[in-house]
Amino acid sequence: MSNSLNADLHCHSVVSDGTLTPEELAARAKAHGVELWALTDHDEIGGQRRAAAAALALDLPYLCGTEISVSFAGKTVHIVGLGFDPEDANLQDGLQATREGRSQRAMEMAEQLARVGIPGAYEGALKFVGNPELISRTHFARFLVERGACRDTNEVFRKYLSDGKPGFVPHRWASLKDAVTWIAQAQGVAVIAHPARYGLSANEEYALFSEFKAHGGRAVEVVTGSHSAAECLRYAETAREFGLAASRGSDFHSPEESRTELGSLPRLAQDLTPVWALLQDRIQRAAGRNTLDQTRTGN
Ligand code: AMP
Ligand code: MN
Ligand code: MN
Ligand code: MN
């Protein structure tokens, strides 16, 4: 299947920390020329049914998706899962367990923010939350912007919410092995999300890719909204070295906050194996459409 397909396999809805509904995202993806789409809410698949139904109604081929938070080398790493069976009980239980500590962590974040002169942040963040099980740093960032503490969410992360800053609370997420195994056992493909974002040393990054592969991981995001052109080239090379397929996704969260629009990324290099080539039989299509190629030629 073609490397030049306009696939967008990473974005967020109100079911995690995005601001659009699954239906609004499906329409936006279609309007921006996306030819294969996945909604990948953090630690949550509650929006999958709505996203798939909306995509299929628009004749937009769809892959189930999620983005699992993982603790690795003392940092948080994100593993995207694509094309899994959303009814898989083991995956559902694993995601539920991963979501569990979020409310407690949010209350601790609010206590710390109160100590630096920002009271009421828990209640304030909750106003932005679409899913009570999924309060995230992004919701705190929106509250701090609303309150005038910072100009935009990037500034909030820089000043308050990243490691070492006053509102940051370390958290123990899923293990790399568990996240990859949940996805693989549910017939999905595990993908290392936006690898340039983690600030890993060369040794840590080598360990991440090696262990990921050993646990059954099969792909890496090469082209993403959070990679520069140089980083896309660098991780294309990493994909080749480790024999991983390549994914492509905007990581779109919100029309106001996201720099990268759905469907607007550069294409994958021709020699890479696109992750969708591994997932041909997992792609959902509108009735009567059997393959992407048929969709594209209009048969
Ligand atoms: P959490 O899962 O609660 O730790 O929140 C992580 C989310 O925060 C990510 O998925 C991003 O959406 C957002 N985020 C992390 N770092 C930044 C940043 N520097 N600027 C804006 N958003 C960020
Ligand atoms: Mn996010
Ligand atoms: Mn991420
Ligand atoms: Mn994401």
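Strand β6, helix α10 (residues 229–242) and strand β7 form a right-handed β-α-β unit. Right-handed here means that, with the strands pointing away from you, the path from the first strand over the helix to the second goes clockwise. Helices (H or I, at least four residues) and strands (E, at least two) are DSSP runs numbered from the N terminus. This is a predicted model, where local features need pLDDT of at least 70 and side-chain atom pairs pLDDT 80 or more, while totals for chains, interfaces and linings use all residues. Residues count from 1 along each chain as its sequence is written, chains are lettered from A and ligands numbered from 1 in the order written, and side-chain values use heavy atoms, with hydrogens and water left out.

**The β6/β7 pair**
- Strand β6 (residues 219–224) runs parallel to β7, and 5 bridges join them; strands pair if DSSP finds at least two bridges between them.
- Thr224 sits opposite Gly249 in β7.
- Strand β7 (residues 245–249) is mostly covered, with 5 of its 5 residues buried. Buried means under 20% relative accessible area, exposed over 50%, and partly exposed in between (1.4 Å probe, protein chains only).
- Both faces of β7 are covered: Ala245, Ser247 and Gly249 are buried on one side, Ala246 and Arg248 on the other.

- Donors are N, O and S atoms within 2.8 Å of the metal (3.2 Å for Na, K and Ca); water isn't among the atoms, so sites may look incomplete.
- Glu67 lies in strand β3 (residues 65–72) and His78 in strand β4 (residues 75–82), so the pair ties together parts that are 11 residues apart in sequence.
- Glu67 is buried, at 0% relative accessible area, and His78 is buried too, at 14%.
- Another manganese ion (ligand 2) is 5.6 Å from ligand 3.

**The largest pocket**
- The largest pocket holds about 1400 Å³ of space. A pocket is an open set of points on a 1 Å grid over the protein atoms alone, with protein on both sides within 12 Å along at least five of seven lines; lining residues have an atom within 4 Å of a point. Points are joined across faces, edges and corners, and the volume is the space filled by probe spheres set on them.
- Of its 41 lining residues, His78, Arg137, Thr138, Phe157 and Arg197 are closest to the centre.
- Helix α7 gives the most to this lining, with 4 residues.

Definitions and conventions:
1 Å grid on protein atoms, 1.4 Å probe; cavity = no way out; pocket = protein on both sides within 12 Å on 5 of 7 lines; lining within 4 Å.
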